[in-house]
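Me: I am new to this structure. Please show me how to read a few features.

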Amino acid sequence: MDDDRSRHQGDFEDQQALELASVAWTKCQKAGDLNGAANALRILVSAKCALLDHDVVEFARAGVESCRNTRGRQLGTQLAEAKMLLAFAEAACRSEPSSTLCSEAIAAAEKAHEIFLAGGDALHRAESCVWLARLHACQCREESSQHVKLSRKAAELAFQIAELTGDLRSKAQALLAMAAAAFVEDSEWQQMFEKALEACQDLVDPELEVEVRLAAASWHLQKGAPTSSLEHAKEVLDILQEHGAGSHRQLEATRLACAAYLELESSSHAQRLSRELLRLTQVESSEKVRACAATLFASVQLAAGNLDSESGAVGAIAVAEDAASLSHSCGDLQAEARAILLLLQATRQKLEKAPLSGQEVAKKTSVQAMQIAFRLADEQQGLQLAVDLLDGLVEMLSLIGKPSEALSLASRLRNVCDDDASLLAQILSTTGKAMYESRRFGDCVSSAQEAARLYEEGGKQREAASALALVAQAQMKQGKHSASRQNARRARRRFGEAGDHEQEIQLRLVVVRACLAKDERGNRQQRDAFREAQEAMKMAAELGKAELMTMTLAAYTMACYEMDQLESCCQTAEELLQTQTERSDCRLSALYHGAKASEKLEQYSNAKRYAEQALSLEMVDVPERVAVISQAEAADMISECRALCESLQKKLLFTRATAPLLAQEKWQQDENRRAPNSRRGGFFTSVGLKCPACGHEEPAGKCISCGAGLPWVDCNFCPDCGARQVQPATRPTPAAAQDTRKAAQVKPAVEGGFLNRAMQREEEAPLQRRIREITGKLLGLDWQSIEGDIPLSDIGLSSGAAVMLRDELQADVRGIKLPPTLFFDHPTIREVLTYLNR
């Protein structure tokens, strides 16, 4: 036990090392051999860390205090104290330290380095620099932090010392520390890692190789390279299996491998691997290791969607409960907190799927989580876990309608974490969510604004954007639309810079709502709302997410209606309805605005259809935060649609009764204008009638405009659309022939070709038939099946075919220059005819 490196002679024999070091620690303390006790303490700490002993930090701190309290300053006391300080730094670094513990461990490592430097102990000095580098890397909050520079500097110093002393192990550890610092800076960390791995393989040190490969697996996973991460994790598992290492050594490698499998969408492999580890821990491991394995298996089951045992397999909820029970038995509060946090997530998912059956489980889990979080706050350990539990609690309690119950825990944590800006910002943000769900919007704005300020000071732009988004939504509820619009735009820009386009789209929808609502001065910004909705719709189409596309279509429908783009409003509403979305708030908004737009366009049948569909919605479920309309707006829309249906019924009856008379009167006026001396007469029969839309004879007799049957008994005009029956060619009477000759002597107002003659007679049918015939020839369709109100692009007309159609039509039209973009600017045949008639 004279040299602390003796622990590496038997790799992975953690239990035996723990037993021998415990005996040596006791004997050295009794004999007053501080140096031997320090060596034993270092071995004890390494073995306890490997065996996942949660008391290792307190044990190392007690060892340092025992050395400081030794009476007299015996020879070697300072060297022993420095070694014990290194043991404390190692224990802190390997136990996922908090910011406070990390600062304490950094101070201990710096003091140990000073002692080793004064004593000329280069070997331990290099090791202290390695731990300093790793602790500073743990303390990093962002890339520009001072801790990144200190970590890199300490790692470089350790490497220089190892080069001078020729210590290959310290050199490999220094290279690993340099790779960690480079990873934080997002520089060339892979080169450092490869050098560290090469040094380990030259040393033939499997324990150090395992440490290097685990770090690389974690880094690759964070950088979005699950395949490389899986390769290193599998290598670690092979090394551990070859050397007969216990299951506690396999935990981290299995966790990384399962995470990589889940990233690669291979949940079955992750389930098999985690189940195998759980089975192995039941045979040869401690309660703590079994609890960790159960927590890992529960997390994999949760990711795979197996919440309970209905499918025959053990579900995440049951395994998480077992993990929490095992952690409680072994007295590991933080491990119990991790299991409860996982149980919260699984219970919340079950509650979302089955609200009624999950109520009791949710209440029980909430009580457990509250108790654990309060204990962590009272003992001031694992505060990050306590804050995560608070976040999960707010989400859970919001689902059961009791978010205010989490505010007492939030207040307690705020007092405990007042010195840690990062934790305090997270607590304030979560408190803001609880306030929002409790409809305390003023308090929500205050908390979320303070959280955004703290996040911005810490350089966490995405978290700041989330807090600002909450502020904007709360201000929207308060009716402060101008402030809501400004904060939503700030949040939207930050999300865009962070690359989170889904959140950016949702914030654009908030801006749309804020722009369409009247602000404090009674103003609205319809044009800005239209631009935001249009851009959001384009981004949603690029992302390809159905729900986002539905929400943006609904917002665009609102914006088009407010901008009086009524045809676009109806078209977008129809497109949204074809998506068969389950978002009832989006459907209601589209139907309402489609009905209003159709009414303005005097398309009363469509307006009535939209309004009736809106009333047929059994229940309008409006999300609290990510919503296109509010619950109050939904109720108003339903009420207006009910009134609209009644008014439209009257308008339709009036239109049906008067349309034939109005159309007949217009036709008579046109006839008198073209031939004042002509005389209307003749008898109409069902045989040989000509369709007013295309001009060809239809013995069966149907109006192509509306589908009504021909002939009409009572009058010569369709009662639905007002189209006129055309008398077939018959032998004219002498009086009629004289009128015809007089009409022929009238000089046409416009000279020209086919189109001008058709326009002179005000008959669109021949030209419409010609366009349909050309289109049918280009697309290989029956020209009679092509309707005048359907966009030609919807039936397959490509850009090239549109140009060919224009060229073909230009040959029939003389005197008018048709633009190349004719069928792009006017996509339907009816719109083309309207354009040409102008």
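This is a predicted model: local features need pLDDT of at least 70, side-chain atom pairs count only at pLDDT 80 or more; totals for chains, interfaces and linings use all residues.

Me: Now helices. How do I read their faces?

Reply: An α-helix has 3.6 residues a turn, so residues three or four places apart point the same way. Take α1, residues 14–31. Its buried residues are Asp14, Leu18, Ala21, Ala24, Trp25 and Cys28. They fall within an arc of 140 degrees, so they line one face of α1. Leu20, Lys27, Lys30 and Ala31 are exposed on the other side.

Me: What do the buried residues of α1 pack against?

Reply: Four helices: α2 (34–50), α3 (56–68), α4 (77–93) and α12 (247–263).

Me: How long is α1 from end to end?

Reply: Its 18 residues should span 26 Å at 1.5 Å a residue. The end C-alpha atoms lie 25 Å apart, which agrees. Gly32 follows α1, with a positive phi near 75 degrees.

Me: Which residues are buried in α7?

Reply: Val148, Ser151, Ala154, Ala155, Ala158, Ile161 and Ala162. Their arc is only 160 degrees, which puts them on the same side of α7. Lys153 and Leu164 are exposed on the other side. The cover over the buried residues includes α6 (122–139) and α8 (168–185).

Definitions and conventions: Residues are numbered from 1 along each chain as its sequence is written. Side-chain values use heavy atoms; hydrogens and water are left out. Helices (H or I, at least four residues) and strands (E, at least two) are DSSP runs, numbered from the N terminus. The expected span of a helix is 1.5 Å times one less than its number of residues. Buried means under 20% relative accessible area, exposed over 50%, partly exposed in between (1.4 Å probe, protein chains only). The arc is that of the directions from the helix axis to the C-beta atoms. Contact means heavy atoms within 4.5 Å.
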